[in-house]
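Please find below a short note on the model under review.

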Amino acid sequence: MNATANVVAMSGRRVLVTGGARGLGAAFAQALVQAGARVVITDILHEQGQALALSLGSAVHYLPMDMVDPSAVRSSVDQAAQWLGGLDGLVNNAAITNSGGKDMQDIDLATWDQVMAVNVRGPWLATVAAHPHLKASGSGRVVNIASDTALWGAPRLMAYVASKGAVISMTRSMARELGPDGITVNAIAPGLTLVEATAYIPQHRHDLYMQGRALQRPQVPEDLTAAVLFLLSPASGFITGQLLPVNGGFVMH
Ligand SMILES: NC(=O)c1ccc[n+]([C@@H]2O[C@H](COP(=O)([O-])OP(=O)(O)OC[C@H]3O[C@@H](n4cnc5c(N)ncnc54)[C@H](O)[C@@H]3O)[C@@H](O)[C@H]2O)c1
């Protein structure tokens, strides 16, 4: 068991992680399993998703789910709940950046719409599909993965930043709408974290984060897992509608 598993007991919890084939989603899935949860990961990277599920053992299952396809979202969420025998937690992690490095004048409409469809419409649809299952759980949890770029106004990333601002706002409305069913909805805002997807980011942006953090070291996926597990656990039952930046103090919210 790792440090996260020791802090947050997730024994028997049934969790769906979208976009879980690689990167942070894969780290969340791994930490969840180590803490005793059973997990369905969904993605559009089918080979990677299947290989990851296989490597994590029998508590993990992979299902294809394209966040931009409303009927696929609904049927995959239902299949996930069926495989797990119910659903206690949903991590809305799948997202795309696509607008990275571009001035806002250079972002085309199709890119803008695609980013919004995956990053904003996707979590909305997944949460709606998960709602009856989370309600039946009695201690349903939604964790939305936002980004601290929405808090400090990161330039040349506008479609993505706008989408993550929407995720933060959506978290608050969802919390009020789902609260009567005993479901909590919270968001975390990671800082720039070293994963495959951020390898393209220029060194000067990494340097900016390094120098701006209160804790001056690179951020790694394991820095985020305990926060996500806590917000998925029964222990966080009276925390809802909140945003937790996990970024070494780069932005203090
Ligand atoms: N890595 C960072 O520095 C960082 C910082 C802040 C926030 N985040 C957020 O963390 C989350 C994970 O990001 P990551 O860095 O691991 O990147 P990533 O690209 O590795 O992970 C995103 C996953 O979503 C999947 N995905 C993309 N489009 C999809 C679609 N249409 N349907 C289903 N799945 C789809 C991808 O295949 C991928 O597996 C994202 O929400 C991201 O915005 C990351």
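The points that follow concern a predicted model and take up the ligand shell, the nonpolar core and the strand pairing in turn.

1. The ligand is surrounded by 27 residues, and the closest are Gly 19, Gly 23, Ala 95, Ser 147 and Ala 197. By class, this shell comprises 16 nonpolar, seven polar and four charged residues. Helix H2 (residues 23-34) contributes the most to the shell, with three residues.

2. The largest nonpolar core holds 71 residues; the members that touch the most others are Ala 29, Leu 32, Val 39 and Ile 41. In soluble globular proteins, nonpolar side chains tend to be buried together.

3. Apart from neighbours within four places in sequence, Ala 29 is in contact with Val 17, Gly 20, Val 39, Ile 41, Leu 56 and Val 60.

4. Strand E4 (residues 89-92) directs Gly 89 and Val 91 one way and Leu 90 and Asn 92 the other way. All of these residues are buried. Side chains in a regular strand alternate between the two faces of the sheet.

5. E4 pairs with strand E1 (residues 14-18) in the parallel sense over three bridges, and Val 15 has Gly 89 of E4 as its bridge partner.

6. E4 also runs parallel to strand E5 (residues 141-145), to which four bridges join it. Within E5, Asn 144 is the bridge partner of Asn 92. From E4 the chain crosses through helix H5 (residues 109-137) to E5, forming a right-handed β-α-β crossover.

Methods. Residues are numbered from 1 along each chain as its sequence is written. This is a predicted model: local features need pLDDT of at least 70, side-chain atom pairs count only at pLDDT 80 or more; totals for chains, interfaces and linings use all residues. A residue is near a molecule or strand if its C-beta atom, placed from the backbone, lies within 6 Å of it. Helices (H or I, at least four residues) and strands (E, at least two) are DSSP runs, numbered from the N terminus. Ala, Val, Leu, Ile, Met, Phe, Trp, Tyr, Cys and Pro count as nonpolar, Asp, Glu, Lys and Arg as charged, and the others, Gly among them, as polar. A nonpolar core is a set of buried Ala, Val, Leu, Ile, Met, Phe, Trp, Tyr and Cys residues joined through C-beta atoms within 7 Å. A residue is buried if 20 or more other C-beta atoms lie within 10 Å of its own, exposed if 12 or fewer, and partly exposed in between; C-beta atoms are placed from the backbone. Two residues are in contact if their C-beta atoms, placed from the backbone, lie within 7 Å. Two strands pair if DSSP finds at least two bridges between them. A crossover is right-handed if, with the strands pointing away from the viewer, the path from the first strand over the helix to the second runs clockwise.
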